[in-house]
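Come along and follow my entries.

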Amino acid sequence: MKKNFLNLGNQPIANSFLSSISRSSLKKEYFYKLIICFNTKNFLVSVKDPVNPKIQYTDQYAHRASESQTMREAFRKIAIKLQKRFKPKKVMEIGSNDGVFLKNFPKKKVVAVEPCKNLANLTKKKFKTYPFFWNKKLSKKILNENSKIDLIFSSNTISHIPNLKETFQAIYDILSNKGVLVIEDPSLSSIIKINSYDQFYDEHVYVFSALSIKNIVEEFNLKLFDIEKISNHGGSLRYYVCKQEKNYKLSSRLKKILKDETKLGLNNFKTFKKFANRVYKSKKKLVALLKRLKKENKKIISYGATYKSTTVFNYCKIGTEYFSYITDTTKNKQGKFTPGMHIPILPPEKGFNESVDYAYLGAWNFKKEIMKKEKKFIKRGGKFITHVPDVRIV
Ligand code: TMP
């Protein structure tokens, strides 16, 4: 049974940055109700009514995975590690974005699946790219044109696809018998522990845990056999899934994480009700802090126009009355306005200057990288604000 535990209100599509805030473009802005629920049977946490993927993953899709140094390095390292451990002859990535992972493999070995045409266009000259949504029809098409796949990698994508049944059946069909599926997604335990409720937005239809992934893949004759904790996106899990148990032994780290998640109560609805209460308190505290700083005539901006901050701004109803603007390094976000709250986005070289007193860390998951980069700002007394793990000035 699915039970609701968190209502984050009316939300826009997190990646739909607006080129103009004219009356006619605002009229077209799409909103949906972001309600989060828990499945008491398989322990899966999900968005109650997911948005149609065709509205989300368009040829205007803004996110470039290679935009951050942290992520470029993370994808390079995992590519080398997987190559060494599984020695795959054929590698496929579901949701290949701008090719930041696949570019680490020999060109002939790889198959890219990416439904956003603007991103698929970036990789199609370099390697075989299928510019379509992942489903059984596509799996069949790829199989007709290639051998079976030994390594399927998917980072921050499986949790975005509403139809899990079709997703895993299509994976089962194309995976070689000894093949391995590796999935990376934000981890539910991190969200609960650090109160990062902004991990809930339209694209994150599911937030997985080891407990829920184990139950789900077993429904499709697949087996979770290993797992790793990774720091990406503020705390993620990397799941290793195979077809045949006999080829891969259940790792002790998987047993440990399953035990830890049970201890944390990720199989218990009560845990999520308590979490929802903490989220509400976080909202109150953040708004109170911004109000106080504004009263003191401080200039506040936001650092990083992230999808996560779309959830925070729209849930807390904070916009240009608090933030003068947002700075972001992504070219195709610059000059635009944030979804829902319509805060203007500037390139850092224009906006991150002497006049800024406080910068809210929209990209809190890159805190280390940002702190390193912005030493000058900190040295001259500039301060960052974060809501993770608690609302505070850092
Ligand atoms: P993400 O958390 O959804 O990957 O988005 C991170 C955003 O933050 C992305 O648009 C780039 C931006 N960003 C900056 O503007 N400056 C930085 O130093 C970093 C690391 C990210």
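**Entry 1: charged pairs**

I started with R292, which forms a salt bridge with E296; their closest N and O atoms are 3.1 Å apart. I kept in mind that this is a predicted model. I then checked accessibility: R292 is partly exposed at 41%, and E296 is partly exposed at 41%. I also found one network, in which salt bridges that share partners join K81, E184, E228 and R238.

How many salt bridges are there by this rule? I noted 14.

I looked up D226 next and saw its side chain meet that of R85 in a salt bridge, at 3.0 Å from N to O. D226 sits in strand β10 and R85 in helix α3, so the pair ties together parts 141 residues apart in sequence. Is D226 buried or exposed? I found D226 buried, with a relative accessible area of 3%, while R85 is partly exposed at 40%.

**Entry 2: two domains**

I wrote down domain 1 as 2-37 + 270-393 and domain 2 as 44-266. Their contact takes 38 residues from domain 1 and 35 residues from domain 2. I read off a buried area of about 3400 Å² between them, with 60% from carbon and sulfur atoms. On the side of domain 1, F272, F275 and Y307 lose the most area to domain 2.

What holds charges across this contact? I sorted the domain 1 side into 24 nonpolar, 10 polar and four charged residues.

Definitions and conventions. Residues are numbered from 1 along each chain as its sequence is written. This is a predicted model: local features need pLDDT of at least 70, side-chain atom pairs count only at pLDDT 80 or more; totals for chains, interfaces and linings use all residues. Side-chain values use heavy atoms; hydrogens and water are left out. Domain bounds come from an automatic or database domain assignment. Contact means heavy atoms within 4.5 Å. Buried area is the accessible area (1.4 Å probe) that two parts lose on being put together, summed over both. Ala, Val, Leu, Ile, Met, Phe, Trp, Tyr, Cys and Pro count as nonpolar, Asp, Glu, Lys and Arg as charged, and the others, Gly among them, as polar. A salt bridge is a side-chain nitrogen of Lys or Arg within 4 Å of a carboxyl oxygen of Asp or Glu. Helices (H or I, at least four residues) and strands (E, at least two) are DSSP runs, numbered from the N terminus. Buried means under 20% relative accessible area, exposed over 50%, partly exposed in between (1.4 Å probe, protein chains only).
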